[in-house]
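Hi,

Here is the model I promised to pass on.

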Amino acid sequence: VQLEESGGGLVQTGGSLRLACKLSGRPGAYETPFSHFDLAWYRQAPGKERVVVATISGTGDVADYADFVKGRFAISRDNKLDALTLQMNNLQPADTALYYCNRAGGSFGSWGQGTQVTVSS
């Protein structure tokens, strides 16, 4: 499985960014479609552990968010395109981190390079 994140950048406090994740390959010996898996966005700030930001069910019907992004971020997916997005609004300096996409609750066995989000005060 390959994961490619994009869309990060430098924004001012209160700004917005839209992150994108393209998934390719097929997990497992049976080449299970990505639509069978819950997906997630994670982030890792300098000197801190990677944490979950948001998760979304395989069908895209159910989303859940970490308390620190509720009301500001929105996760979505397109199973036809094997794509995951994260709309981030009202960004704060505390949101500065490297953002990754992957399977919810773990990983597909590898991680992408991530996309850097930097919010200036």
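In which sense do strand 4 and strand 9 pair, and over how many bridges? Strand 4 (residues 39-44) runs antiparallel to strand 9, with six bridges between them. For the terms: strands are DSSP runs of E, at least two residues, numbered from the N terminus, and two of them pair if DSSP finds at least two bridges between them.

Before you read on, this is a predicted model, so to speak with its own ground rules: local features need pLDDT of at least 70, side-chain atom pairs count only at pLDDT 80 or more, and totals for chains, interfaces and linings use all residues. Residues are numbered from 1 along each chain as its sequence is written, and side-chain values use heavy atoms, with hydrogens and water left out.

Six strands make up an open sheet with mixed pairing, in the order 2-10-9-4-5-6. The edges are strand 2 (9-12) and strand 6 (63-65); each has a single partner strand, so one side of each has no neighbour in the sheet.

Then there's the disulfide (a pair of cysteine sulfur atoms within 2.5 Å). The structure holds one, joining Cys21 to Cys101 with S to S at 1.9 Å. Cys21 sits in strand 3 (residues 17-24) and Cys101 in strand 9 (residues 97-103), so the pair ties together parts 80 residues apart in sequence. The torsion about the S-S bond of Cys21 and Cys101 is about 60 degrees, so the disulfide is right-handed.

Cheers

Conventions:
Helices (H or I, at least four residues) and strands (E, at least two) are DSSP runs, numbered from the N terminus.
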